[in-house]
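Here is a briefing on one chain, arranged by topic. Keep the sequence and the 3D view open as you read.

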Amino acid sequence: MKQKGTLLNTQLIKDLTIEEIGDDHVPGSYETPLRSDAFEMSDEVKMQLIENHFREIMTIMGMDLNDDSLKGTPKRVAKMFIKEVFSGLNPENRPKIKLFDNKFKYNEMLVEKDITFYSYCEHHFVPIIGKAHVAYISSGKVIGLSKINRIVQYYSKRPQVQERLTVQIANDLKETLETEDVAVIMDASHLCVASRGVSDTSSRTVTAHYSGKFKLEAVKAEFLNHTKQV
Ligand SMILES: [Zn+2]
């Protein structure tokens with residue numbers, strides 16, 4: 001018998017049809033599923049094609065694209081997809097990060113909290129809006145604080161599931177900072193839950209990733225204490 005509800009086994013998910021999965025959100029792998037030819041087409045060609053297709057979608061829905069208010073929408077949506085809200089799909093847009101020596105020999109955790117992020121649910125293409133709290137313990141190198149915000153924003157600007165987004169940010173920070181001692185918490189509202197479906201406007205989704213020293217109860221507790229909302 002096939003399992004309903006939250007499925008964590010990707011093999012099980014692959015065996016299900018879209019009708020069987022229904023409206024549930026199912027996590028897949030931690031890599032964003034991209035085609036091998038994802039970046040062979042230029043941004044300009046992509047925008048032109050999306051514009052054409054989006055005009056078609058609006059027309060199918062019965063909208064009059066000759067109306068002054070609507071005629072610019074397909075072009076606007078295409079530009080927004082490629083240059084803004086999904087620009088994090090392209091590895092060329094990853095922020096350039098410079099490492100600095102930890103001159104002050106600060107060996108405690110550094111916490112950057114309440115980082116605002118906007119992402120998009122890849123199952124419904126509507127926004128996920130939330131706050132990220134990120135911490136690391138330097139292994140000898142540090143990065144500029146704003147770069148942590150930029151890494152969060154880069155991975156957010158993709159069609160996402162929150163579990164994958166959390167792990168992608170943590171993995172990037174581990175690699176960049178050359179340390180396993182990284183923690184990420186993401187607390188977000190999903191408009192696919194708030195504005196449609198069950199229409200619950202107050203529920204939030206929290207995901208967390210702890211590695212290295214952050215797996216130790218005392219270290220994790222200190223991080224959670226720092227991120228506590230007052
Ligand atoms: Zn959704």
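A residue counts as buried if 20 or more other C-beta atoms lie within 10 Å of its own, exposed if 12 or fewer, and partly exposed in between; the C-beta atoms are placed from the backbone. This is a predicted model: local features need pLDDT of at least 70, side-chain atom pairs count only at pLDDT 80 or more, and totals for chains, interfaces and linings use all residues. Residues are numbered from 1 along each chain as its sequence is written.

**Overall make-up**

- The chain has eight helices and seven strands. Helices (H or I, at least four residues) and strands (E, at least two) are DSSP runs, numbered from the N terminus.
- Of the 230 residues, 22% count as buried.
- Among contacts between residues at least 6 apart in sequence, 66% join residues at least 24 apart. Two residues are in contact if their C-beta atoms, placed from the backbone, lie within 7 Å.

**Annotated binding site**

- An unreviewed UniProt entry carries the annotation "binding site" for Cys121, His124 and Cys192. These residues are spread over 72 residues of sequence, yet they cluster in space, with a largest C-alpha distance of 7.4 Å.
- UniProt positions are given in the numbering used here, feature names are shortened, and annotations may be inferred rather than shown by experiment.
- Cys121 is found in strand S2 (residues 109-121). Cys121 is partly exposed because 19 C-beta neighbours lie inside 10 Å.
- Leaving aside neighbours within four places in sequence, Cys121 is in contact with Val126, Ile128, His190 and Cys192.
- His124 is in the loop between S2 and strand S3 (127-137). His124 has 18 other C-beta atoms within 10 Å, so it is partly exposed.

**Positive phi angles**

- Most residues other than glycine have a negative phi.
- Asp114 is not a glycine, but it has a positive phi of about 60°. Asp114 lies in strand S2.
- Asp114 counts as exposed because it has 10 C-beta neighbours inside 10 Å.
- Ser199 is not a glycine either, and has a positive phi of about 50°. Ser199 lies in the loop between helix H7 (191-194) and strand S7 (205-210).
- Ser199 has 8 C-beta neighbours inside 10 Å, so it counts as exposed.

- Helix H4 (residues 73-85) has 13 residues, but its end C-alpha atoms are only 16 Å apart. A straight helix would reach 18 Å at 1.5 Å a residue. The expected span is 1.5 Å times one less than the number of residues.
- The buried residues of H4 are Pro74, Ala78 and Phe81. They pack against helix H3 (43-60).
- H3 and H4 pack at an angle of about 135°, with their axes 8 Å apart. Axes are lines fitted to C-alpha atoms, for helices over the stretch in contact, and angles run from 0 to 180 degrees between N-to-C directions.
- That angle makes H3 oblique to H4. Angles under 35 degrees count as roughly parallel, over 145 as roughly antiparallel, 65 to 115 as roughly perpendicular and the rest as oblique.
- Residues of H3 that meet H4 include Met47, Ile50 and Phe54. Among the H4 residues they meet are Pro74, Ala78 and Phe81.

**Helices H5 and H6**

- Helix H5 (residues 145-156) and helix H6 (residues 162-177) pack at an angle of about 140°, with axes 9 Å apart. That makes H5 oblique to H6.
- The contact uses Ile151, Val152, Tyr155 and Ser156 of H5. On H6 it uses Leu165, Gln168, Ile169, Asp172 and Leu173.
- H5 has twelve residues and reaches 18 Å from its first C-alpha to its last, close to the 16 Å expected at 1.5 Å a residue.
- The buried residues of H5 are Ile148, Ile151, Val152, Tyr154, Tyr155 and Ser156. Their cover includes S2, S3, strand S4 (141-143), strand S5 (159-160) and H6.

**Tyr154**

- Tyr154 is in helix H5. Tyr154 counts as buried because it has 21 C-beta neighbours inside 10 Å.
- Not counting residues up to four places away in sequence, Tyr154 touches Gly88, Asn93, Arg94 and Pro95.
- Tyr154 and Asn90 are 64 residues apart in sequence and 9.4 Å apart in space, C-alpha to C-alpha.
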